[in-house]
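Work through these exercises with the model open. Try each task before you read its solution.

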Amino acid sequence: MASTTLRRRLHHGDVDGRKYERYDATDSETLSEPLLGSSSGSKDGYNEEPTLEDIWEEERKKQQVHWTLIFSQLIAQWAQWIAKIVFGSGSLFGRFLSLPQIGSGGRLLPPPLSMLQEERLRNIKRRIEIPFDGSRMEHQDALRQLWRLAYPQRELPPLKSELWKEMGWQGTDPSTDFRGGGYISLENLIFFAKTYPESFHRLLHKKDGTRAEWEYPFAVAGINISFMLAQMLDLQSGKPSTMAGIRFLAFLEEDEMAFDNLYCIAFQMMDAQWLAKRASYMEFNDVLKSTRAQLERELALEDVSSIRDLPAFNLLYK
């Protein structure tokens with residue numbers, strides 16, 4: 001199999017994390033184990049807000065030349081400072097207000113959500129609850145759309161065909177592979193193909209790095225990642241009570257598609273983990289666990305306030 005060089009690397013920590021890191025998976029009636037195998041914005045440009053002392057020093061210098069002008073500017077600036085102190089996510093007081101609280105039973109409680117966050121959270125939960133139904137025309141059309149995005153120059157095959165295996169479905173009928181992933185996992189794959197087409201095709205065709213003789217199947221791996229994210233973010237509960245889930249809620253304020261964007265990052269990160277471990281098919285579950293652990297570490301970084309702040313976001317190609 002031809003090989004190329006992996007173009008980008010994670011910026012925080014190592015790709016591998018702890019080599020054999022494990023955690024207990026959450027029980028689920030729909031899918032209690034992974035589907036595969038049996039396991040044996042650049043941060044360099046980030047500038048912190050100036051301190052209050054720095055601002056005052058600058059103002060004192062300006063006062064020596066244009067006192068009248070500075071006086072009017074100070075009034076406006078004081079109002080802005082007060083707003084930042086009270087409401088700003090970058091201020092100490094703002095961060096204190098956004099910290100999760102400890103509830104009964106030691107569970108983390110998310111901070112109060114805005115109406116927009118509440119609405120977007122409900123929308124994600126509704127999407128997660130929709131099972132894939134191969135008899136629904138909408139779901140059939142979504143599968144056809146995925147094929148056209150993956151292979152724009154090729155003829156569309158029937159919904160049951162050996163050709164679907166080339167995309168990484170385990171059988172001739174993709175509808176049998178969804179299981180606990182649900183319809184949202186197909187939406188995630190379509191979003192990935194439309195939003196980050198270069199990354200999507202590089203992963204689909206295994207263009208990066210030295211690949212294993214027995215590679216992970218692309219499409220089914222994508223379903224696993226959707227399910228892993230829903231568990232990690234605790235989206236099937238009333239409100240997320242994991243640290244990763246609570247940090248994710250903050251992203252919903254400015255990004256309606258935060259789950260889908262995080263999915264694309266997780267998929268790209270999983271492939272980087274795969275290459276770093278020189279993994280093969282039977283090690284997919286271990287790679288998925290390492291991917292989850294690495295993603296949780298990045299979500300815990302203090303300077304991450306949006307999806308684009310995640311170090312692994314830099315792995316994605318448009």
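**Exercise 1. Find the handedness of the crossing of H8 and H11, then describe the packing.**

Solution. 
- Step 1. In this predicted model, H8 and H11 cross in a right-handed sense.
- Step 2. Locate the helices: H8 covers residues 218-232 and H11 covers residues 284-299.
- Step 3. Take the axes. They come within 11 Å and cross at roughly 45°.
- Step 4. Classify the angle. Roughly parallel needs an angle under 35 degrees, and roughly perpendicular runs from 65 to 115. H8 is therefore oblique to H11.
- Step 5. List the residues in contact. H8 supplies Ala 221, Asn 224, Ile 225, Met 228, Leu 229, Gln 231 and Met 232. H11 supplies Phe 284, Leu 288, Thr 291, Arg 292, Leu 295, Glu 296 and Leu 299.
- Step 6. Sort them by class. The contact of H8 with H11 has nine nonpolar, three polar and two charged residues.

**Exercise 2. Decide whether His 139 is buried or exposed, and identify what surrounds His 139.**

Solution. 
- Step 1. His 139 sits in helix H5, residues 137-150.
- Step 2. Apply the cut-off. Buried means under 20% relative accessible area. His 139 has 1%, so His 139 is buried.
- Step 3. Set aside neighbours within four places in sequence. His 139 then contacts Ile 130, Pro 131, Phe 132, Asp 133, Tyr 183 and Leu 186.
- Step 4. Look at Asp 133 again. The His 139 side chain reaches the backbone nitrogen of Asp 133 at 2.9 Å.
- Step 5. Compare sequence with space. Ser 175 is 36 residues from His 139 in sequence, and their C-alpha atoms are 9.2 Å apart.

**Exercise 3. Is Ser 306 buried or exposed, and which residues does Ser 306 contact?**

Solution. 
- Step 1. Ser 306 lies in the segment after H11.
- Step 2. Use the cut-off of under 20% for buried. The relative accessible area of Ser 306 is 12%, so Ser 306 is buried.
- Step 3. Leave out neighbours within four places in sequence. Ser 306 contacts Phe 251 and Glu 254.

**Exercise 4. How many helices and strands does the protein have, and what pattern do they follow?**

Solution. 
- Step 1. Count the elements: 11 helices and two strands.
- Step 2. Read along the sequence. The pattern is α-α-α-β-β-α-α-α-α-α-α-α-α.
- Step 3. Of the 318 residues in the protein, 48% are buried.

Note on methods
Residues numbered from 1 in each chain as written. Predicted model: local features only at pLDDT ≥ 70, side-chain atom pairs only at ≥ 80, totals over all residues. Heavy atoms only, no water. Helix = DSSP H or I, 4+ residues; strand = E, 2+ residues; numbered from the N terminus. Buried < 20%, exposed > 50% of the residue type's maximum accessible area, 1.4 Å probe, protein only. Contact = heavy atoms within 4.5 Å. Polar contact = N/O pair within 3.5 Å; in protein donor to acceptor, adjacent residues only side chain to side chain. Axes fitted to C-alpha atoms, helices over the stretch in contact; angles between N-to-C directions. Parallel < 35°, antiparallel > 145°, perpendicular 65-115°, else oblique. Left-handed = near helix turned anticlockwise from the far one by under 90°. Nonpolar A, V, L, I, M, F, W, Y, C, P; charged D, E, K, R; others polar.
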